[in-house]
Amino acid sequence: MIERTPILNLATHLILAVGLVLILVPIWLAFVAATHDLQAVNSAPVEFWPGDQLWPNLKEAWALSDFGQKFVNSFIVAIGVVVGKITLACLTAFALVFFQFRGRMVIFWAIFITLMLPLEVRIVPTYAVAANALSPFQTIMDWTGISWLLNSLAGIEVSLEWNLLNSYTGLILPLVATATGTFLYRQFFLTIPDELVEAARMDGAGPLRFLWDILIPLSKTNIAALATIMFVYAWNQYLWPLLVVTDRANYGVVVVQLSDLVPDQLTTGGGTPTWHLAMAATMVVMLPPILIVIFMQRWFVRGLINTDK
Amino acid sequence: MRRAHFKFSWIVPLLLAPQLLVIFTFFYWPSAQALYWAFTLEQPWGGGNTWVGLQNFRKVLSDPYYWGSVRVSVIYALATTVLAMGMALTLALFVDRQLAGYRAWRVGIIWPYAVAAPAVGLAFNFVFNPGAGIFSVINTLSPGWWDLSKYPWQAVTAIVIAGAWKQVAYSFIFFLAALQSIPRSLTEAAAMDGARPLRRMIDLQLPLLTPTFFFLLVINITDSFTDSFGIVDTLTGGGPFRATDLMVYKIYSDGFRGFDYSGAAAQSIILMCLVMALTFIQFRYVERRVHYT
Amino acid sequence: MAEIAIRNVTKTYGKTTIMQGVNLTIHNGEFVVILGPSGCGKSTLLRLIAGLEEITAGEIAIAGQVVNDLEPRERGCAMVFQNYALYPHMTVAENVGYALKVAGVPKAERMARVAETAKSVGLADFLDRKPGQLSGGQRQRVAMARAIIREPKVFLFDEPLSNLDAKLRVQMRHEIRRIHNQIKATSVFVTHDQHEGMTLADRLVVMNKGTIEQVGTPAEIYDRPASLYVAGFIGSPAMNFLPGQYSAARRAVVLEGGAVIGLPGDPGASDGQFVQLGIRPEHVALRAPGHGMIDARLEIVEDLGASRLWNLRIEDIPFSLITEARAHPPVGATTGLVLDLRHAHLFDGATGKRMETTLGALRAVPAQ
């Protein structure tokens, strides 16, 4: 379209520039702080340009927070959530979309409702379940009298115990327990033309064969989209790991570690606040999901929009 | 739904079992548990439960601190939503003009979505710090005027700005996607009718964004209730004087620091109802949108 | 190679009946075209044969074996879909060979058969392409190859040509017929396009509202349509119908406008019975006004090149004829018409059924 709007174009760039500056400034300042030493950071006026202390600060923050193991843990948790979600979502959506059976709508809604309540809202009881993941089943057996029956008939004392505190399973499973990915998959499966299913059936493919040979190869972009979103979601989890992990040395994740770096009375004991270290650590922790979002932008945006959260 | 199906077989329960087990254990059971606790009084980790009816709710609702928490949560929700959506909408409208550098602008605005809430909180903690950040400049001019840990309104302002900063990217992505889904022919028709770019923004693009706008409104408010924990915990710690004690934060501190499971459960139930009500509105809306497109 | 027997088949969805008591036998090696407007149940019938839908009542047997409870893959049918339904992530070779892969045919043999089949439909140079890189006609060929490679007992075609442009459609029509003549598998071809039906079929099945109206060779159906519906559906431009009352005394049809058309034979109608007199546009000749059997008013003339299609009105009833005359009378002009009554058809006004008596015997065209 031929449209000459030089003034508006200039204004457009100006507005966008102002917006971008507003977005960048806080992180820029944090970055600058991470590149100066203790003294420079705490002296007014504020530094606006990076110094040369980034590397030493990073090294010190890394050692201080014992980031090595924690980064490994963060990656394990994020990848665990990604793989778990994708697998569960794919299987569930496949069963719901490609099979007709009684109770299908009930199951559909049972899964749908989990979208309503984020983990943060039901944090207290979820924590109690994590202390013993089998407690729901124990309670059900107690109520229904199965425990009593087993006890009196076979002499077995039923006491199911599976403590998830301080474990990767405990970090991962509750984060998998929502329907986000299921709906992304369902949307996608519903766009598969009926004739493709029929062609596969005519070609002799059973349901699992169809899933493996046709659906999964076709849903590659879907998987990429879901993977980026879930990686960012899992990496950035804070409240849940804060609660479920008390053994930080072995199971701590990096994002939780940030809370220890807040330079308040507790950490500095009244000394000069160590902002340069806190900011250096922040930079390191932020980086992996940001890189994912930037490099996987196309899939990330698509996934976000299609899941509608 | 679709007309082509496989025959039901033993595969189906196997496919569904993992998800259903996980959801039951980590979603339905805890939610039911919260209900149970809300109506009983329980000692943390064992001990007896006694049925107390609505007593826990009465106690929570007669607690002035609770109402303070509700108040600041509402302020936080509205303020972050308005700020974030306003900024996101403006940026999306101008990025959508697709001038030179379009991709760069887009990436520049999207990436904050990936920043963890506590990292946002910590970064803003530095920025707003009375001794070290840019706001320390104010204090060199007028010593002691700016201090988050002393003045409630400053603390609230700080979490609102940090929260809004984090939310901009999300709304931006949706606004931009909605703008780009407006058919090109529509824009061209408006141009043939003599509408210039700004005019088209007002007459064409904004009205067509209405569904997205309402969708984002609900999502942003819901998120502000649930997603704020990390920011508050690293930026203000709920203080000063409980001025930034948002609802989720209070549930956490009552439940895990105060070991008041029943009180925390009652608060959880109230928050659940609130979030469900908001989500319900959204589902109804989403339902409608599905029908229209 | 197999005979398909469809016995009293009914299909319902909930309370809607899609198909009611359909009986049809398709002989071994025969090419049968099921023709009908959209929603008449023709695709459903095909899908019932394929096993993609379950039969509500009745039975279908393929090669003497009742297949009601067999899965699609157990029935030995191959199908060509309207949208081709090619797997978008597989190459042409993988698409064509997929059924063999599922069946566990060793790779070397599979590749050889894929190459051979692809060659026979002219796809040899495209084996490594993805469906997205092919033209409509090429995709069509892939869909054909995918069906052929399985050497099925039965070929099913679900409007396979409707997504192609006119020229390609004719070309593919010939191709399909050529392949059929080569491999002689029993074929069932569903379409709404009567040209496809007429040119492809050994026998045509005309369906309407879930029932079969008529089964016969294309010539039989064209020359002796069994009902008003078939008569109107087959033939382009469509047959003209003139409603009237039979007068036994005059052995004639008295049209609503008062014109009397004397019949050359006894139609076996009772005096005063309401009938529809049908005549195809090519069986009408022009005369000067008042010199034909009946007068009509000209509305529009369409030039078809070799001939001209006159759209007329007799009273208010639309009527058309085809003539080679190049005269171009003004719109609104009156003209006389002569109907070649040896080619006329008479239908019961109430039931729409063909009145099959001596009227038919008088006709010059021999029934096949």
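Reader: Where is the place of C:Ala63?

Author: C:Ala63 sits in the loop between β4 and β5 of chain C, where strands are DSSP runs of E with at least two residues and helices are runs of H or I with at least four, numbered from the N terminus. This is a predicted model, in which local features need pLDDT of at least 70 and side-chain atom pairs count only at pLDDT 80 or more, while totals for chains, interfaces and linings use all residues. Residues are numbered from 1 along each chain as its sequence is written, and chains are lettered from A and ligands numbered from 1 in the order in which they are written.

Reader: Why does C:Ala63 count as partly exposed?

Author: A residue is buried if 20 or more other C-beta atoms, placed from the backbone, lie within 10 Å of its own, exposed if 12 or fewer do, and partly exposed in between. C:Ala63 has 16 C-beta neighbours inside 10 Å, and therefore counts as partly exposed. C:Ala63 also has a positive phi of about 50°, although it is not a glycine.

Reader: Why is C:Tyr84 assigned to its burial class?

Author: C:Tyr84 has 23 C-beta neighbours inside 10 Å, so this residue counts as buried. C:Tyr84 lies in the loop between β6 (77-80) and α2 (92-102) of chain C, and has a positive phi of about 70° although it is not a glycine.

Reader: What makes β4 and β5 of chain C a pair?

Author: Two strands pair if DSSP finds at least two bridges between them. Two bridges join β4 (residues 57-62) of chain C to β5(C), and the strands run antiparallel, so they count as a pair. C:Ala61 has C:Val66 in β5(C) as its bridge partner.

Reader: What makes β2 and β5 of chain C edge strands?

Author: The open sheet of four strands has the order β2-β1-β4-β5 (chain C), with antiparallel pairing. Its edge strands are β2 (16-26) and β5 (65-66) of chain C, each of which pairs on one side only.

Reader: How many residues does each chain give to the contact of chain A with chain C?

Author: Two residues are in contact if their C-beta atoms, placed from the backbone, lie within 7 Å. The contact takes 14 residues from chain A and 17 residues from chain C. On the side of chain A, α11(A) gives the largest share, six residues.

Reader: How far apart are the nearest C-alpha atoms of chain B and chain C?

Author: These nearest C-alpha atoms are 8 Å apart, and chain B and chain C do not touch.
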